[in-house]
Structure formats: C-alpha cells, structure tokens
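These are my notebook entries on a structure that I examined element by element. The coordinates are shown first, and the entries follow.

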Number of protein chains: 2
Amino acid sequence: MELTSHPPHVKQPAMSEDIHQGYRDPGLAVLKKYDIAVWDRVEIETTKGLFTGLILPRSKTEDAEHIVIKMPSGYNTGVHVESITKIKRIGRREGHYSIPEKEFPYDKRKKNVTLLGTGGTIASRLDYTTGAVVPAFSPGELYGAVPELADICNLTTTKLFGVFSENMGPEQYVVLAKEIERLIREEDIDGIVIGHGTDTMHHTGSVLSYMIQNTPIPIVLVGSQRSSDRPSSDAARNLINAVYTAAHSDIAEIMVCMFGPTSDDYGLLHVGTRVRKMHSSYRSTFRTLSDVPIAMVWPDRYVPLREYKKRRKDKDVIVNPAYDDRVTILYYYPGMKPDVIDSLIDNGYRGIVIAGTGLGHVNSALNKSLKRAVDKGITVVMTVQTLWGYVHMNVYDVGRYLLELGVIPCENMLPEAAYMKLCWVLGQTQDQKEAKEMMLKTIAHEITEREPHNGYLVYQGGIPEVEKFLSTYKK
Amino acid sequence: MELTSHPPHVKQPAMSEDIHQGYRDPGLAVLKKYDIAVWDRVEIETTKGLFTGLILPRSKTEDAEHIVIKMPSGYNTGVHVESITKIKRIGRREGHYSIPEKEFPYDKRKKNVTLLGTGGTIASRLDYTTGAVVPAFSPGELYGAVPELADICNLTTTKLFGVFSENMGPEQYVVLAKEIERLIREEDIDGIVIGHGTDTMHHTGSVLSYMIQNTPIPIVLVGSQRSSDRPSSDAARNLINAVYTAAHSDIAEIMVCMFGPTSDDYGLLHVGTRVRKMHSSYRSTFRTLSDVPIAMVWPDRYVPLREYKKRRKDKDVIVNPAYDDRVTILYYYPGMKPDVIDSLIDNGYRGIVIAGTGLGHVNSALNKSLKRAVDKGITVVMTVQTLWGYVHMNVYDVGRYLLELGVIPCENMLPEAAYMKLCWVLGQTQDQKEAKEMMLKTIAHEITEREPHNGYLVYQGGIPEVEKFLSTYKK
C-alpha cells in the first residue's frame, strides 16, 4: 500500500522521460531491436496482419508481453510480441511526454477529501491535455490535469492497489473497508472518493454498503467510461462531481457518481446496491434500477431526488468486512440441467443466488438438486433476471414448490446486490435460518418497499419515433 | 399432440360442470372430506396460517397436491394438501361456471390464422368475463371470451403441449418448428400465432428465429402478464393484436407481440432475437434492446418503425430444428473461481456463453480453465451482461488475451440470443472454426451493425422529476 500523507502538497517526482517508458522485457527487447521509442508512429507487421498507430508508454503494473499502440480509431490495442515480425517507424512525435504537474494548493478553510485508488480507468487515464493514456494519480498530477479540483477541496491520495475492475475481489473489498474505517476514525476528512474501473463498480458499491454502515461522511465511487485522451471523455467531469459530492454534499451513503444523460449536462448519484452498469460503452451506463437516483450533481451543486441518510459528525461508523467467497450466481436458461447445481454442491459452495425467469422460476428438472443443495446447508436465494421488479414466488406452483424447499425470495434485490450480500452474510454465519433473516433485513436500499413508476425505464420516452407518431395520431 | 381441424368451426364440447373440476387425489379427497366445491368461498386453516379465498378449478396438466384459491388481492395461491388442517366454507358462488362458448364464424373471404398452444398464461387464463382463471383454448372458447377475434380472421387452434414457460426446452422447440413447417407447407394459412408463457417467450422467439428462416408469413408469439380475471389484464388485447398481425400484417418474421407503453394504447412487435423480458410483473415488460421494435400495433392497424422482411407467397421456408443441449450461460461475478468452468468441462458441455462485465471481461483467475475448455474443443463465446451495447475485446489486455485463447466476441448479441444460437449451431457442427463462422453470421438481427441512439432506454425521458427540474433550471 502506497500512502501519500495529508495535507497533500508534497511534490511528486516528475515522470520519467525514458524513451521506453514502462516497457520491460520481452516487449522492451523488441522495441530496442527495431530502434523504436514511445510516441513513435509505427507500422507493425504481425502474423495476424498489419497494425498502424502510436506507441504508447506503459505502466509498471501492466503485462510485459504486449506493445500497445493507439490506433487511428482512438482505441488502444496491444500487439503480442510473439506475433511481431517487423516494426517500421513512419513518424516520430516531437518532444517527450510528462504529466504537467503542479503543487496542489492547500487551504485550511477548504474541506478535506481523500481519493483512494484501486486501479481502473480514472486513475490510469486521467490526463486530458496530451492525447495519451498514462497514469495520473498523485495530487500534483491530478491538479495538473484537472485544476478545478483545487477550487473544491484539499486533496489527499492513497493508492491501495492497481488492479483492473474485473480483477477486484474479496481481498480488495476487505482492504478498502478497513482503510475507509481507518480514515473515518483517524483522519480529519470530510469525504472519501474511490477511483474504480467501471466494470464491477456496482459490485464494489454493493459490498461496501453492507461492510460499512452508519458512515458519518459521503463515500463516493467514481470512474470513467471513455479514456481522457478522447474528446468525449467523462473522466474529468465525473471526478469533479464526485469530489464535490464528497466535500460538500450532505449525503452520508455509499454512492456511485457517474455520467447522467447522454449530454454532458449533469452527473447522477446512485445508491451502491441499486445501481448497475447497463451499457457496455455509453457514458450514461450507470442506472439506478427500480428506484430514482439519490441526486443529480454538477461541479458546484447537487439536487436530491429522494430522501437520504445525512452527514453527521457524531455518527459512529460500523465496519464489518466479513466475506465468504464460496457463493455463485446461477443465471437460469431454458433446459438448464441439474449437473450445474450438483457440481456446485460437490465443489463446496455455501451460497447460490439464482437469477430466475419471470417472478422467480426455474424448470422442474432442477427441483431435486436444489432440494439436495438446501438439505446440505447451502443457502439458496432467488432474484429475477428481468432486473426490474420483485420476486413473487406465491403466484405459480413452481414458485411455491421452491419456497417449500427453502429457497429465499429476495424481493427486488438485484442479482449482483444479492450475490455480494450473500458473500457478506455467509462470512458471518453458516446457519440457514440466520442467513435468511440477514438476507431479508434491508441495510442500504437493496430491498425497497415499493418501486416508483419512474423507476422502470419507460420505453415511450426514449423513442422519438413513437412520441412523434403519437402526437400526430392524437390530432 | 391434439389437433383441431381447419376450417375451425367444429363445435367443442362444453366444459364440465363437475363441482370438483380438474381436481384429482389427494386434492380431490380433501375437498370431498370438507364438502367443498370449486367456486366456494373458504377459510383454509393450515400449519402455515389461515388462507381466505375462492376455490378455483384446476386444469388436468397441473399437479394434484395443491388446492388453489384466488385471494382477495387478486393473486392465486396454492395450498399444499399436507399442510391443511381444516377447510370451512364461508360462502357459495351462485350457479356453476363454464366458458361461454359460441361457434366461431367461418367466412371464406377472411384470412386464416392458426393458433398454436404451448401452455402458459394466455392459453390457460384467457377468459375475462367471469372473474376466474380457467383454460380457454378451442376456437369456440376463444370466440366466447374474445368475440373481436372473429372480425379479424378465421381461427384454427392446435394444442401442441401444456407446459409452463419455464419448462419449455429443446423437445418443445423442435416440435414447434416442425409443426410450423407443416402448417406453412401443407395448410392454407396467412399467419401463425403461438400462445406462450411470458417467462421464456424471448428464448423461444430467439431459437425459432434460427430454426425457421425465410418464412413467407408472420409468426407471432403472444402471452399475457396479468391473468384475464384481473381488471388490468393484457390477455385479450395482446391476443387481438397478435392475431391481427398474423392475419393482416406484411411482416414475415418471427416476432413477439406484447403490451407497449404502461397505458393500454398500443402493442409492440419485437424481433425474436432482440427482445427480452425486463420487468417481473409490469405488462410493458418486453423491450427490444439496442434497436427499435419492428412496429406498433393496434387491433386494426400497425405502423412499422423500421425495415422488415416482407410477406411473400413464393418464399420457400427453410426449417432446421438442430439442437445441442450441452450449452450453458456463465454469468460473470467478481471472484468467480475456475472450478465452475472445470466442472462444465468435466460434465461434457460443448458450448459456454459468457455474460462478461464491461466490454466482455472476466477475471484473470479464469484464464487457465478457459484455455483448457477451448483446447478441449468447447466453443466459448462472449456477450455483455450490461445487455445494451457491443462486446469490444480489443480495448484492454484482458479482452485481447481472451481473444487469443479463441473466445468468440458476439458483438451485440443478447446473452439469451447467443445461448439459443449456440445450442442451434452445435446441433449442426462440433467444429470450432465452423461454429465461430455460424455464430457470427447474422440470421435474424441477433447482431446489428449499429445501435440507434434510441435503442438505449434513455434515463431522462423516464424520470419526470428530472425533466421538471431541467425545465425550471433552463429558464
């Protein structure tokens, strides 16, 4: 763990001007062989075809087997060294690259925010002045890249780890929860921001919502969908909104702060347990499901859309980083066969989250194995793969049978939120009855009593053709 | 298979007036013991508490262990006979019940439509005149319940099977495809409607889109989200829209016809491969993802929203009901362990559809097992669990590594559409290279070249608070 002390005005060393910046063997050897430096414009001949682009610097946490280039499309790609037959330089970038670094100003009248780095897009790609993708993380680097941050607060940064979002897991969740507890108990801070890759940001938001309860200050997860070298990047805007929320908002919850509409207009603050990534590439990908978001947020203000838990200095945070990783999600499909469940039983799983069809159904071929699972002490819970709406297992025979078996209906908990909660619950008890009680006792909006009408993405509103036709039709 | 001959004006026998209609032992014995008949209003004392409601008739395909009552809430529930300690009659319904049955008129100038029954809500719950839930399926019964159908076409019905939606599987898909081929080749019909439970309607729509290509006539799946005894039922409206589409529309595709907006205004026709059930209980649950629906539909007209394949008598239908059921969906979650993949390999699976995070990612702990799977000849394909958007595995190292392993990126195919297609493809070849080519060759919109902006459910449009605030803010 690499810590930057608070207050955050320690000058960081300038980034290396090394012409092979970040490359190690075998990639480094290949660059040397063809006399190629980072920022050279090249043609790479490979066994899989010709690649053209700009050689990018790499960070030390990345693998050593790929030469990474920025293609004319704006996307980056990695070329495996073993596939390379020749590299030809077709142009050289003038000058060398470093992140413009300025001392982050400290103002004792300003709020104090700590940014925890986990890896992922926002930390590794924040620079938006140079057309390149490199890590920017120290307060000085962030200030150089996004000077607006200094108007909002004093910033400290702590790099907890450098893993991609898809590699986040139990180990990281526990470290995060413990560090957040330490910060709240020992440091004089007004809010915490967690830089996170977007792939599993909602999973982390969910698990932290169970592990960290009764927080006195805002805890805000943030990332970006487009790297900061692209004109449409959401990195700077999301970070500014998140830091503003942490420093100045009254909302003491675990939140995800990401891009709102398709325009650059505002950001949204989502409850950690009710948010989900809904589009693989759009910036407006994070949506609150079956509820409205907590608030809309701009760089200098926020507007709540519903009730929330308030910031209060005298709140005593409760941190419980329990976790059992022997839990799985079973996403139902027609013709699912019992062997998938039998294998989970045999492999020692302790919890199964079913994402069933409709109101919470699976085919009858699974009944026997599900009964065996429950009889063996495995906690089996039901969610819906429709994502929106509630489990209702009393309506059809199939649901009633599963209820009789002991399958636990998780109301309108999202499958991901139920998965993270079951990991947390089974980290504390292996007793099925107790696990059931804990699963169904709401902690942080993972179950809501009702779904507002506008919690479902209304089709008509998003389809101009439909609206246009209807307006003509009504005349 | 139970066939009703065409033309469809054969009188069906009236439904039984049996006071224990549809009940078999042990349920029948319990009713007799307490002198209870269907339609009696009762209080049932059980080991799990007291239930109050109206005893409903049952169909022969349902289980014999439950007494089913309609509760004051409008929902039905089944009470297991072993839990019953006493039943007390608190009221008796006047008269007995039968579906009002009228001879379906035949008019040789009208179009001919065949309704195929598979079970599920629309067939078992269609009556909306009596406040009860019973099967209505013969042309005479349907005419008695929904007289508007006779204005649209001549109707034939064929009950293929009576299984709940969640029990639909390979056996039923093959029977359906073969019966559709026979109808198109041998009968003089203008369109086919398939009554289907809603849980897996999109899976059936998807698999039929691959099995049945180049159809000369419309093939329309239809169901209902609310049983027809509830005031808000969508059963009659959906059926009328579907029958109209089959009889009169120019659209020769495999479609799902379901409720459109939250009001009763119009229905929507969705492509079988791009539609998904998105809400567990709303009537407006079926949505086209990453594209616009084919058309809006009313009981007497339709308005196309995009290009479609046209009805043409001289088209020669191609039917290929191939299927391999050794395929699974792996829905990624943080901390997923390789044992889930190892078990699939050991259990003889031939295809794995991953629903990855972000642009198509899984954690690096799975790499070794995924490599083993591909090396063993298993076809592994990638889709995104965001549901909206494309797989892009070239952007990050993790994706590139999976591509190098041989994991096939399925563009913007929905996980369910990819699952059904892989079952169909592996029913024809076990060669990985050939399987890859077939997976990536678009048959029926399962991959689209681009996603229209209004193919993503735009948040702002569905949130009146947001719009209201923005309109104030802009002033």
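Entry 1. I looked up the bridge partner of G351(A) in β21(A) and found T379(A). Strand β20 (residues 351–356) of chain A and strand β21 (residues 379–384) of chain A are paired in the parallel sense, over 6 bridges. I took strands as DSSP runs of E with at least two residues and helices as runs of H or I with at least four residues, both numbered from the N terminus. I counted two strands as paired if DSSP finds at least two bridges between them. As a general point, strands of a sheet pair through backbone hydrogen bonds, either parallel or antiparallel.

I worked throughout on a predicted model, in which local features need pLDDT of at least 70 and side-chain atom pairs count only at pLDDT 80 or more, while totals for chains, interfaces and linings use all residues. Residues are numbered from 1 along each chain as its sequence is written, and chains are lettered from A and ligands numbered from 1 in the order in which they are written.

**Entry 2. The whole sheet, in both chains.** I then traced the open sheet of chain A, which has 4 strands in the order β19-β20-β21-β22 with parallel pairing. Its edges are β19 and β22 (408–409) of chain A; each has a single partner strand, so one side of each lacks a neighbour in the sheet. Strand β21 (residues 379–384) of chain B is joined to β22(B) by 2 bridges, and the two run parallel. I noted I408(B) in β22(B) as the bridge partner of V381(B).

**Entry 3. Helix α8 of chain A.** Which residues of α8(A) are buried? I found V340(A), I341(A) and L344(A). A residue is buried if 20 or more other C-beta atoms lie within 10 Å of its own, exposed if 12 or fewer, and partly exposed in between, with C-beta atoms placed from the backbone. Viewed down the axis of α8(A), its buried residues fall within an arc of 95°, so they line one face of the helix; the arc is that of the directions from the helix axis to the C-beta atoms. Their cover includes β19, β20 and α9 (367–375) of chain A, together with β19 of chain B. After α8(A) comes G348(A), with a positive phi near 85°.

**Entry 4. Contact between the chains.** I counted 82 residues from chain A and 83 residues from chain B in the contact, where two residues are in contact if their C-beta atoms, placed from the backbone, lie within 7 Å. Among the elements that give two or more residues to the chain A side are β19 (327–331), α8 (339–346) and α11 (415–426) of chain A. By class, this side has 35 nonpolar, 34 polar and 13 charged residues. Here Ala, Val, Leu, Ile, Met, Phe, Trp, Tyr, Cys and Pro count as nonpolar, Asp, Glu, Lys and Arg as charged, and the others, Gly among them, as polar.

I superposed chain A on chain B by a rotation of 180° with 0.0 Å of shift along its axis (RMSD 0.1 Å). The two copies are therefore related as by a two-fold rotation axis.

Entry 5. In chain A, strand β16 (residues 295–298) and strand β17 (residues 301–304) pair in the antiparallel sense over 4 bridges. A hairpin through 2 residues joins β16(A) to β17(A), and W298(A) stands opposite R301(A) in β17(A).

In the loop between β15 (286–288) and β16 of chain A I located S290(A). S290(A) is not a glycine, yet has a positive phi of about 60°. It counts as buried, with 23 C-beta neighbours inside 10 Å. The peptide bond joining D25(A) and P26(A) is cis, with omega about 10°; the one from D25(B) to P26(B) is also cis, with omega near 5°. In general, most residues other than glycine have a negative phi, and most peptide bonds are trans.

Terms used
Least-squares fit on C-alpha atoms with pLDDT ≥ 70 in both.
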